[in-house]
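Here is a short report on one structure. Look at the model first, then read on.

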Amino acid sequence: MSRIVAAMSGGVDSSVAAALVAGGTPDEVVGVWMRTHPFGGEGWEAKRSCCSPDAADDARRVAQILGIPFFVLNVEDAFGARVIDAFADAYLQGATPNPCQACNQYIKFDELLRRGLAAYGADQVATGHYARIDRIDGRWRLLRALDANKDQTYFLWVLTQEQLAATRFPLGQLSKPQVREMATQLGLPTADKPESQEICFVPAGDYRALLEERRGYAGEPGPILDAGGTRVGTHSGYAHYTVGQRHGLGVALGEAVYVREIRPASNTVVVGARDEIAQAQFTVRGRHFVAGEPPAERFEARVRIRHRAPDVACTVSLLGADGLLVETAEPVWAPAPGQGAVLYDGDECLGGGRIAHHDAAAAA
Amino acid sequence: MSIYLDHASTTPLRREALEAMLPYLSEHWGNPSSIHHSGRRARQGLDEARESVAMLLGAKPREIVFTSGGTESDNLAISGVAWAASARGRHIVTTAIEHKAVLQECALLGRHGFDVTYVGVDGDGLVDPEAVAAAINERTVLVSVMAANNEVGTVQPVAEIGSICRARRVAFHVDAVQAAPFLPIDVNAWQADVVSISGHKLYGPKGIGALFVRQGTAMVPLLQGGAQERQRRAGTENVAAAVGLATAFALAADEAMLTAESSRLSGLRDALLAGLTVIPGVHRTGHATQRLPNSASVVIDGIEGGDLVAALDLEGIEASTGSACTTGSVEPSHVLLAMGIDAERARGSLRLTLGRENTEADVVATIDAVERGVARLRAAAPAREPAEAPAAMSAAPSV
């Protein structure tokens, strides 16, 4: 018999994941809610995210109903540095942050795995992610969830062999309606909780206040240029924009324009028409392969460059020490520096990397 | 069967107290303020409980106010005395290591025009009576010092402080919530004017506390709406709980007088402290000898106290980090900070508080479990390993 830590956010998915390991296996299960923020201060009661005290209450109630011990693991330090500050820094570097992926990489599958397993003497962590794990040809494989609508492998491509070996995704075979149905049948108070959509530490989706608070960035107006270098408008500060963004530019050129590039050094935002910001080739940095090694020096795959975007056929080549060159069969829309480019072979998530800046691409 | 080592948080209700309470939860259910028989019968239980508590404190029955617990007793002591005396002056002296029930009430008064002086402590958590004397001025209306600290167990020289307050004609409040189960309390020897105790810290029920208020000490009530408790605490009295408190307190006081039980506990405490502090990077907190007989507290380098408490719990050992009760908080303890322990080290705090049912075998098992838990946690957090992380590193963010 082993001991499993069920990561419980207070949402319906992790509640059912905990229920499945608690009820469906002979293993001993310990419920753990991670505290990512200090409580108190303005707006705490109003926040409806996995970081709020309400979420902790819900997680505790579910643990009580399941009859499992429940603990709070404080991860404030790591979450502040690896998720919140990294989020702010990405914007300051003209990139698009990926906080859910960072939270998986550094909090759930590092802080919780490492520290949590030590504290609770457990062997594995179970989470409410929609993804599957399988062992094929002697390697742990990360597979898409059966429910393609809910598949979360886009945020999990960073996982290693070691992490997968210590992880269970009990929801990988289930659909969201099935999960809600199970929660209702078990009488869990989280059964009807709405999906959390926004970033848990950015209330109302406005991250500008956070840039100022964490990094003292207030934003300084600067030029908006078109592809030819002509000034077509003024922005409030480059870090307030993200590649692919359409709204809030205040530019009227007769046709819709989108942010094409952000140049932090010169506080410049470059815009382009819809067809100007699609690319059939881009590079990524920080390449990672779930199986430990790339399938080949050059291989065919499918690539996804944002959550829920369709994936497209591509050819991938290793580039330098940690890069990849991705050439897509058809142009993909607005590859945003900093976002994950996640590679698939059928159902298997092979790994990926982070989309590099244009200049880095040119230099490579 | 688990080993319970968290008696400073709460204690199990002892059988004698439960049995004394039961009639007041069943047949004697009257309201003690009623004129009729049912009321009178309940009143008798309340009066007897009050007499018993008064006797144990060296006080008169009329000087005892029943409250809802230690927190209310402390709140009432601070605000009640301060507001009643506010025409004379608006200065309060307390210490940096008081329970939050005292500190936050003082802070509240601070927002309403009072000045509060927080006297510091030494590295063992001891208050210097001379520092209290020096903090008193002509506007001071109240001094509040705890008899023993809830986190590190250090026992304070309250009698000395009491005589200073008496000489300066300043009301003296003693928070005796933690001390009551172990130290003989004599409000006259302490020269105290107000003393707080709590039921559930001494094997009585939760939801009941008592406050000694020396005759002649003016006090403004916190709760309005009735003449109960000599107009100091409105609300129908919790008779059964008062009876339980009185019964448990009497038995605890008897046991505190027995040198055998006291030395048994302090023997276990010393064995715990000795066994824990031989583990590398484990340091005693609080005074070596001037501490509650049941309290062993340490800080452990390279770990998070809450993680160790969870690890111990899964091995059947119930302990505490000793600090704030907030869910998962890592706010360093104000007590440890006041003792000069740096914030990083204070995060590794562990408090083990013994009780009547603990044995030598419990101590041995606990030391062993702590040693294993600490080793496991340190191995999982290499960045915080003390051998590799000198104190200077504590300022660096863990990026």
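## A hairpin and its surroundings

In chain A, strands E16(A) and E17(A) form a hairpin with two residues between the strands, and A:Gly346 there takes a positive phi near 65°. Strands here are DSSP runs (E, at least two residues) and helices are DSSP runs too (H or I, at least four), numbered from the N terminus. This is a predicted model: local features need pLDDT of at least 70, side-chain atom pairs count only at pLDDT 80 or more, and totals for chains, interfaces and linings use all residues. Residues are numbered from 1 along each chain as its sequence is written, while chains are lettered from A and ligands numbered from 1 in the order in which they are written.

Two strands pair if DSSP finds at least two bridges between them.

| Pair | Sense | Bridges |
|---|---|---|
| E13 (residues 298-304) of chain A and E16(A) | antiparallel | three bridges |
| E16(A) and E17 (residues 348-355) of chain A | antiparallel | six bridges |

A:Val342 in E16(A) stands opposite A:Arg304. A:Tyr344 has A:Cys349 of E17(A) as its bridge partner. Five of the six residues of E16 (residues 340-345) are buried, so this strand is largely enclosed by the rest of the structure. Buried means that 20 or more other C-beta atoms, placed from the backbone, lie within 10 Å of the residue's own.

Now turn to chain B. Its two parts are domain 1 (15-255) and domain 2 (259-381), with bounds from an automatic or database domain assignment. Their centres, taken over C-alpha atoms, are 28 Å apart.

Key. Buried ≥ 20, exposed ≤ 12 C-beta atoms within 10 Å, placed from the backbone.
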